[in-house]
Amino acid sequence: VEPLLELDHRGRTIFRMSVNPQEIIQKVEFGTSPLRNRIKALNQMCEAGYRIGLLMAPVVLLEDWRTLYGQLIQELADELSPKAKKGLIIEIIFMTYSYVHRAINHKAFPNAVELYDSMMMTGRGRGKYCYRDEPRDEAEQFLRRQIQEKLGESSILYVV
């Protein structure tokens with residue numbers, strides 16, 4: 001982000017960074033920056049006067065999702081600067097999946113974690129899947145509580 005820090009943005013630019021638990025970054029988001037680097041970038045951009053936001057996406061409900069996302073939110077609470085946490089905008093997007101995604105992922109990333117879970121996902125159109133209402137609602141309530149408890153000065157813009 002260094003080239004962006006000195007720009008005259010006049011406070012009109014929101015810098016948004018996607019975040020996920022480090023384990024999901026390692027198992028799903030191949031070739032992307034580790035969580036600690038993303039948090040560092042958010043702090044730097046905030047110090048440069050940018051408004052900042054988190055895009056918690058895609059929320060992936062692996063077997064131990066509560067632990068993973070609880071740790072993520074705790075790490076954000078611990079590592080984001082006080083200035084960054086104040087007025088932080090959070091967007092939450094749950095993972096959707098399709099046969100096409102699955103085929104591409106299996107071919108391109110044969111060692112990746114399996115994202116499709118027939119017990120937790122349901123069809124939404126031709127070959128498209130999203131989380132069933134019950135696990136999705138449970139996860140949304142969990143994330144809202146954790147964010148409220150640990151990042152209370154932030155606001156959730158939306159959850160989809």
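Residues are numbered from 1 along each chain as its sequence is written, and side-chain values use heavy atoms, with hydrogens and water left out. In this predicted model, local features need pLDDT of at least 70 and side-chain atom pairs count only at pLDDT 80 or more, while totals for chains, interfaces and linings use all residues.

**Exercise 1. The largest pocket**

Task: State which residues line the largest pocket and how the lining divides by class.

Solution. 
1. A pocket is defined on a 1 Å grid over the protein atoms alone, as an open set of points where a 1.4 Å probe fits, with protein on both sides within 12 Å along at least five of seven lines; lining residues have an atom within 4 Å of a point.
2. The lining consists of V28, P58, M95, T96, Y97, H101, N105 and L115.
3. At least two lining residues come from each of β4 (96-98) and α6 (99-108); such helices (H or I, at least four residues) and strands (E, at least two) are DSSP runs, numbered from the N terminus.
4. Five lining residues are nonpolar, three are polar and none is charged. Here Ala, Val, Leu, Ile, Met, Phe, Trp, Tyr, Cys and Pro count as nonpolar, Asp, Glu, Lys and Arg as charged, and the others, Gly among them, as polar.

**Exercise 2. Strand β2 and its partners**

Task: Determine which strands β2 pairs with, and in which sense.

Solution. 
1. Two strands pair if DSSP finds at least two bridges between them.
2. β1 and β2 are parallel, with six bridges; S18 stands opposite L55 of β2.
3. β2 is also joined to β3 (residues 89-94) by five bridges, again in the parallel sense, and M56 has I92 of β3 as its bridge partner.
4. Seven of the nine residues of β2 (residues 51-59) are buried (under 20% relative accessible area, with a 1.4 Å probe and protein chains only), so this strand is largely enclosed by the rest of the structure.

**Exercise 3. The open sheet and its cysteine**

Task: Give the strand order of the open three-stranded sheet and classify C130 as buried or exposed.

Solution. 
1. The order is β4-β6-β5, with antiparallel pairing.
2. β4 and β5 (121-123) are the edge strands, since each pairs on one side only.
3. Three bridges connect β5 with β6 (residues 128-131), and T122 has C130 in β6 as its bridge partner.
4. C130 counts as buried, because its relative accessibility is 15%.

Key: Buried means under 20% relative accessible area, exposed over 50%, partly exposed in between (1.4 Å probe, protein chains only).
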